[in-house]
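These are my notebook entries on one structure. I set down what I looked up, entry by entry.

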Amino acid sequence: GSLNSTTGVLTLTASSTAEVGVGDTTTELEVTGTSGSQSAVTLPWLILNAAPLFTLGASSASVTVAEGSSVQDTITLTPQTGFTGNATLTAAGLPNGVTAAFGSAAVTSSSVLTLTAGSSALAGNYQLIVAGTSGGKAVTIPLTLSVTSASDAGSTSDGGMDATADA
């Protein structure tokens, strides 16, 4: 690696994993490690794992559910670079009156997410976060939920979302 003594930027190149201790210093030091097309920046310690663990995607970026009914979306986990574990799925940002249930919360490939809007759910648009966590690493993807009044029944979807979990 090289250190620019003027800017305090240390640049490292790693082929796999490296750990760098910055030590006790009051100088802000940016540490950048690069392996292939992957890079990581952190302060004051750097642990590089250039390969992602898995990617997480939703078959629909946006779903609509009427009060008193349910809608489903498939959440897919795609292992990367030899990842053989599973990820625990969770959903956050649910409005009052809406529940989320996964067909399987610990997945190795895909799980169906069922969102149910009770009669007390308020109509509106909500930004949910679906997370997959494995070995302390997490990836999140957004999911837009539109809750309509019971008289506006139907569900729609458009475009999938993808994200990558970096180790």
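How many aromatic pairs does the structure hold? I found 1 aromatic pair; rings of Phe, Tyr and Trp (its six-membered ring) pair if their centres lie within 6.5 Å, and planes under 30 degrees apart count as stacked, over 60 as edge-to-face and the rest as tilted. I noted that the ring centres of Phe54 and Phe83 are 5.5 Å apart and that their planes stand at 40°, so this pair is tilted.

**Basis of the entries.** I am working with a predicted model, in which local features need pLDDT of at least 70, side-chain atom pairs count only at pLDDT 80 or more, and totals for chains, interfaces and linings use all residues. Residues are numbered from 1 along each chain as its sequence is written, and side-chain values use heavy atoms, with hydrogens and water left out.

I placed Phe54 in strand β7 (residues 52-58) and Phe83 in the loop between β9 and β10 (87-92), so the pair ties together parts that are 29 residues apart in sequence. Strands (E, at least two residues) and helices (H or I, at least four) are DSSP runs, numbered from the N terminus. I then looked up burial, where buried means under 20% relative accessible area, exposed over 50%, and partly exposed in between (1.4 Å probe, protein chains only). Phe54 is buried at 0% relative accessible area, and Phe83 counts as buried at 15%.

**The chain as a whole.** I recorded 0 helices and 16 strands for the protein chain. The chain has 167 residues, of which 34% count as buried.

I next looked up the partners of β13; two strands pair if DSSP finds at least two bridges between them. Strand β9 (residues 69-79) pairs with β13 in the antiparallel sense over 8 bridges, and Gln72 has Thr114 of β13 as its bridge partner. Strand β11 (residues 98-102) also runs antiparallel to β13, joined by 5 bridges. There, Phe102 stands opposite Leu113.

**An open sheet.** I traced an open sheet of 5 strands in the order β8-β15-β14-β10-β12, with mixed pairing. Its edge strands are β8 (62-66) and β12 (106-107), each of which pairs on one side only. Strands β14 (residues 124-134) and β15 (residues 137-148) pair antiparallel over 11 bridges; within this pairing, Gly132 has Val139 of β15 as its bridge partner.

**The core.** Which residues of the largest nonpolar core touch the most other members? Of its 25 residues, they are Ile75, Leu115 and Leu145. Such a core is a set of buried Ala, Val, Leu, Ile, Met, Phe, Trp, Tyr and Cys residues joined through side-chain atoms within 4.5 Å. I found the largest share, 5 residues, in β15.

Last, I listed contacts, meaning heavy atoms within 4.5 Å. Leaving aside residues up to four places away in sequence, Leu145 touches several residues, among them Val63, Pro95, Leu115 and Tyr126. Ser146 lies in strand β15 and counts as buried at 14% relative accessibility. Beyond its neighbours within four places in sequence, Ser146 is in contact with Val63, Thr64, Val65, Gly124 and Asn125.
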